[in-house]
Each structure stands twice: as structure tokens, then as C-alpha cells.
Amino acid sequence: SLILEWNSLGVWEEGFSFFCQGLGANNSLQRLDLRNNQINHHGAGELAMALKRNASLQELDLRWNNIGLLGGRALLNCLHSNKALKRLELAGNNVPSDILKAVEQALDHNQDRQTILSETQNRACMLSKEILNLKDEKTKQFLDLMDTIDKQREEIARSGRISAGRVSQLQEALKEQHSIMNSVKAKLQMTEAALALSEQKVHNLGELLSAMKQEQANMVERHFAELQQQKQEGADREGKLFRDLSACSEKNLLLRNQVDELEKKCKVQQDQLFQLKQDLTNTTAELKLRAVQAEERLEMEKRRLKQSLEDMESLRLKEVDHMTQHMEASERSLQDRVQRLEAIRIALEEELSQVKAAALTERGHAEEELIKVRNQARLDEQQRLEHLQEKLRLMTESRDEAQNCCLKQKQMVSEAQAKASQLSLHADGLRRRIEELQQDLNSKEQEKVTEVNKVKVELQEQIGHLQAERTAQEGLREKIAALERQLKVLSSNHREALLDKEGEISVLLEKLRMKEADISRMREEEAQRANLLQNAIMAYVQGSPLRTHSSRK
């Protein structure tokens with residue numbers, strides 16, 4: 001913020017130009033106060049050039065200076081390129097109200113743009129944050145799933161190792177039993193049936209173990225396939241969400257482009273309206289000046305006529321009476337003409353006011369028609385001036401030759417009457433032209449009203465599209481919430497399935513323990529039977545006659 005009020009910076013134009021150059025190069029100043037500094041239209045033009053280059057200043061106070069019409073126009077033109085300025089105060093500068101209104105409209109446009117940009121940036125930040133949060137949650141869920149899968153794999157591997165160790169132990173025990181049975185087969189025929197039964201039992205147990213292994217492998221493959229399906233579904237959902245977000249971003253860009261085009265059109269229309277207003281003010285001023293000149297010339301003619309009448313009264317009273325009567329009639333006709341001209345002027349002023357009101361929406365066609373009307377009005381005024389000059393010359397000749405040219409004056413009066421009829425006809429033609437112009441203006445006003453309605457309809461359609469996009473964004477948010485819920489449900493189901501599988505694994509482990517206990521019992525029984533058989537054989541061998549015969553020898 002920089003406050004420089006009551007310093008007379010505008011007195012020294014070079015110093016103020018250097019100050020404006022520094023302001024154009026600055027990129028951090030946001031508020032500048034230049035009240036009561038005697039800044040003229042040149043200083044305002046330099047300030048406008050600086051504001052075209054500056055992109056950081058938001059508030060500028062220029063109250064109670066000498067900017068005037070040209071300075072106001074320069075500041076208004078700089079606002080077309082400067083989109084950062086929000087507040088510009090121009091009170092006490094002799095700036096027309098039209099320019100002040102245009103400046104206020106441009107500042108309102110800048111404020112609306114900045115609010116729209118801030119809202120879009122906030123929405124984009126919110127969407128990016130939500131996307132990042134969703135990504136983080138999905139990565140966490142994926143990591144949790146991978147951890148659970150790794151734990152399950154480790155547990156399955158451990159159980160496989162334990163079962164493999166147990167199977168190897170069983171195989172070693174069976175091998176030992178086979179060796180013992182082979183050594184004793186020749187001697188122990190009674191034990192073959194028992195051994196066959198035991199082998200069948202062991203074979204059944206091996207089949208059961210292989211079936212359990214296959215079931216475990218199938219369960220692991222199913223879990224792995226389910227996890228892959230879940231991963232693919234999550235990837236597809238993420239792809240869909242990214243596509244929806246890209247579509248929303250493209251729609252936002254299209255809407256921004258449309259808003260920029262509408263703003264450019266509004267600026268062009270404002271410039272055209274400003275030019276039309278200036279042309280209308282100039283034409284009204286010219287018409288007023290010409291009317292004043294015509295009135296002054298009529299007053300001069302009246303005075304000269306009065307003087308000529310006074311001179312003629314001394315010479316010929318009768319002729320003067322006749323001439324006075326004729327002059328009074330001519331004056332009355334002139335007054336009537338002046339009144340008609342004033343009425344025409346009032347009508348023209350009213351039409352000009354109507355044209356001002358309609359010119360806010362007219363474009364190129366209105367300018368061409370105004371140029372034609374100006375040319376016609378100029379030609380008509382030149383013709384009227386030529387007629388008036390001819391009348392003045394004739395009146396001067398009548399002053400010099402009043403005694404000898406009474407008949408000529410009568411002829412001049414008749415000629416004036418003919419000219420008056422011509423003027424009346426010409427006035428009727430002008431009225432007809434004015435009526436035609438009014439009809440054209442009415443038709444153009446209707447066309448402009450239709451164009452404004454079309455623009456309103458387009459704006460309403462754009463608003464509807466924006467609302468539809470908002471609803472679509474809300475639908476996407478609801479879909480995201482539904483997906484999160486589905487993920488939670490899937491995680492809960494997966495946890496329940498894991499718990500069920502852990503229960504099944506515990507049941508299977510208990511079954512394996514029971515089978516191992518049965519196998520140990522079978523081993524103990526077989527060992528007891530083998531011991532009994534060995535004792536019986538030894539007893540039989542010891543009590544046989546071969547043993548007694550050998551002892552006798």
C-alpha cells in the first residue's frame with residue numbers, strides 16, 4: 001500500500017512519467033492513493049499505459065484531480081487489458097457519467113472474473129485432495145491385502161513343511177517296518193495278514209494326505225484368483241474415475257473459453273456504444289449551434305426590415321402600410337416557419353434521445369444510417385443557408401431601390417411565398433423520412449431484443465449445463481462413496497473368509513493330529529505283536545527236539 005495524497009505529482013510531467021514507468025514495472029503493489037495531486041489528462045494517459053503492463057494493483061484512488069474526458073477514456077481503454085484492478089475512484093475529475101458507468105462495469109467484470117477463477121482453483125484443489133486421499137486409501141488397502149496374502153502363504157508353507165516332515169518320518173518308519181518284515185517273512189507267516197492290513201491302512205492314510213494337499217492347493221489357487229479379480233476391478237474403477245475427471249476438466253475449459261468470448265463481445269459492444277454516444281453528442285451540439293445562428297440571422301433580418309420600414313414611412317406612407325402588412329404577413333409566416341423548425345428540432349432532439357437509447361444496442365448498420373442522415377441534414381442546412389443569403393441580398397437591394405422597385409418587392413414576396421410552399425413540401429418530405437427512420441429504428445430495436453433474448457437463452461443453457469455438470473460431480477462423489485463402501489464390504493467379507501479358512505485349517509490340523517495318534521498306536525501294537533512273535537519263536541526253538549539232540553551230542 002502506497003499513499004501519496006496532496007503532493008502535486010502531476011505538476012511535473014517528466015517526474016510523473018518516471019513514476020508511471022516504475023508502477024508499470026512493479027509486481028507487488030496492491031493499493032495506490034493519488035488524491036489531490038493535480039494530475040491532468042496527459043498524466044492519466046501515462047497511468048493508463050502503466051496499468052496495461054501492471055498485473056498486481058487492485059485499488060487506485062484518483063479523486064479530486066483534473067483528468068477530464070480524455071483521461072477518463074484512456075483509463076477506460078486500459079481496463080480492457082488490465083484484469084487485476086478491482087476498485088478505481090474518479091470522483092471530482094470532470095469525467096462524464098457514461099465513462100464512469102463503463103469503468104464501473106469493467107471493474108465489476110474484473111471482480112467477477114477473479115471470483116470465478118478463485119472458485120475454480122478451490123474446486124480443483126478440493127478434487128485433487130480427494131483424489132490423493134482415495135489413492136492413499138486404495139494403496140493402504142492393497143498393502144493390507146498383500147500382507148494378509150503373504151501371511152497366508154507363509155502359514156501354508158509352514159504347514160506343508162510340517163506335513164512333509166511328518167510324511168518323511170512315516171516313510172522312514174515304514175521302510176524300517178518293511179526291512180523287519182522281510183527278515184522275518186520266512187519265519188513269520190502268521191504275521192503276513194497283519195502286515196498286509198497295516199500296509200493297506202498306511203496306503204489309505206497316504207491317499208488321504210495327498211487329497212488334503214490337493215484341497216489345500218486348490219484353496220490357495222482360488223484365493224489367488226479372487227485377489228487378482230479384486231485388483232483388476234479396482235484398476236478398472238480407478239481408470240473410470242480418471243476418465244470422468246478428465247472429461248470434467250475438459251468441460252470446465254470449454255466453459256471458460258465461452259465466458260472469455262462473451263466478455264470480448266461485451267467489450268466490443270461497449271466500445272461501439274461509446275463511439276455512438278460521442279457522435280450523437282457532437283451532432284446535437286452542431287444542430288444547436290446552427291439553430292442559434294439561424295435565430296441570430298432572423299433577428300438581424302427583422303432589425304434591418306424595421307429600419308427599412310422606418311425609412312419608407314417618411315417617403316410613402318401608403319406603400320409603407322402595404323409593405324408593413326406584407327412584412328407582417330411574411331414575419332408571421334417566418335415565425336410559423338421558425339416554430340415549425342423549432343418543433344422539427346424538438347422532434348429531432350426527441351428522436352436523437354430515442355436513438356441514444358437504441359444506440360446502446362446498435363452496431364454497424366446504425367453508424368451507416370447516421371452518416372447518411374448527417375449528410376442529408378448538412379445538405380438541407382446548406383440549401384436553407386443559401387436561400388437565406390439570397391433573401392438578405394434581395395432585402396439589401398430593396399433598401400437601396402425601395403422607391404423604384406416596389407413592384408420588384410411584390411414579385412420577391414410572391415417568390416418568397418413559392419419558396420415557402422417549397423419549404424413546406426421539403427418539411428413534409430423530412431417528416432416522411434423521419435417516420436421511415438423511426439420505423440427502421442423500431443425494426444432494429446425488435447431485432448436487438450430478439451438477439452438479447454437469444455443471448456439470454458444461451459446463458460440459461462450454459463447455466464443448465466453447469467448445473468448438470470455439478471449434478472454429475474455429485475453423482476461421481478456418490479459413486480466414490482459407494483465404491484468405498486463396497487471396498488469396506490469386500491474387506492470385511494475377505495476377513496470373514498480368512499477367519500473361516502483359518503478355522504478349517506485348524507480343524508484339518510486336529511484331524512492330522514488324530515491320524516498321527518492312530519498311526520503311533522498302530523506302531524505300538526505292531527511292535528508288541530512282533531515282540532510276542534519273537535518270544536514265541538524263541539521259546540519254540542528252545543523247546544524243539546533239535547535243541548535236545550544237539551545238547552546230547
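Nine helices and four strands make up this chain; both are DSSP runs numbered from the N terminus, helices being H or I with at least four residues and strands E with at least two. The model is predicted, so to speak of local features I need pLDDT of at least 70, and side-chain atom pairs count only at pLDDT 80 or more, while totals for chains, interfaces and linings use all residues. Residues are numbered from 1 along each chain as its sequence is written, and side-chain values use heavy atoms, with hydrogens and water left out.

Along the sequence the pattern reads β-α-β-α-β-α-β-α-α-α-α-α-α. Of 553 residues, 23% count as buried. Buried is under 20% relative accessible area, exposed is over 50%, and partly exposed lies in between, with a 1.4 Å probe and protein chains only.

Now the charges. The whole structure holds seven salt bridges, each a side-chain nitrogen of Lys or Arg within 4 Å of a carboxyl oxygen of Asp or Glu. Start with Arg 35 and Asp 61, at 3.4 Å, N to O. Arg 35 sits in the loop between strand S2 (31–33) and helix H2 (41–53), and Asp 61 in strand S3 (residues 59–61), so this pair ties together parts 26 residues apart in sequence. Asp 61 is buried at 8% relative accessibility. Arg 35 is partly exposed, at 22%.

Asp 61 also bridges to Arg 63, at 2.9 Å, N to O. Arg 63 in turn forms a salt bridge with Glu 89, with the closest N and O atoms 2.9 Å apart. Glu 89 is in strand S4 (residues 87–89) and Arg 63 in the loop between S3 and H3, so parts 26 residues apart in sequence are tied here too. Shared partners join Glu 5, Asp 33, Arg 35, Asp 61, Arg 63, Arg 87 and Glu 89 into one network.

Next, helix H3, residues 68–78. Gly 68, Gly 71, Gly 72, Leu 75, Leu 76 and Cys 78 are buried there. They span an arc of only 160° around the axis, so they lie on the same side of H3; the arc is that of the directions from the helix axis to the C-beta atoms.

Which residues lie nearest the centre of the largest cavity? Ile 131, Leu 134, Leu 241, Leu 245 and Ile 480, out of 16 lining residues. A cavity is a set of points, on a 1 Å grid over the protein atoms alone, where a 1.4 Å probe fits but cannot get out; lining residues have an atom within 4 Å of a point. Helix H4 (97–185), helix H5 (192–315) and H8 each supply at least two residues of that lining.

Note on methods:
On a 1 Å grid over the protein atoms alone, a cavity is a set of points where a 1.4 Å probe fits but cannot get out, and a pocket is an open set with protein on both sides within 12 Å along at least five of seven lines; lining residues have an atom within 4 Å of a point.
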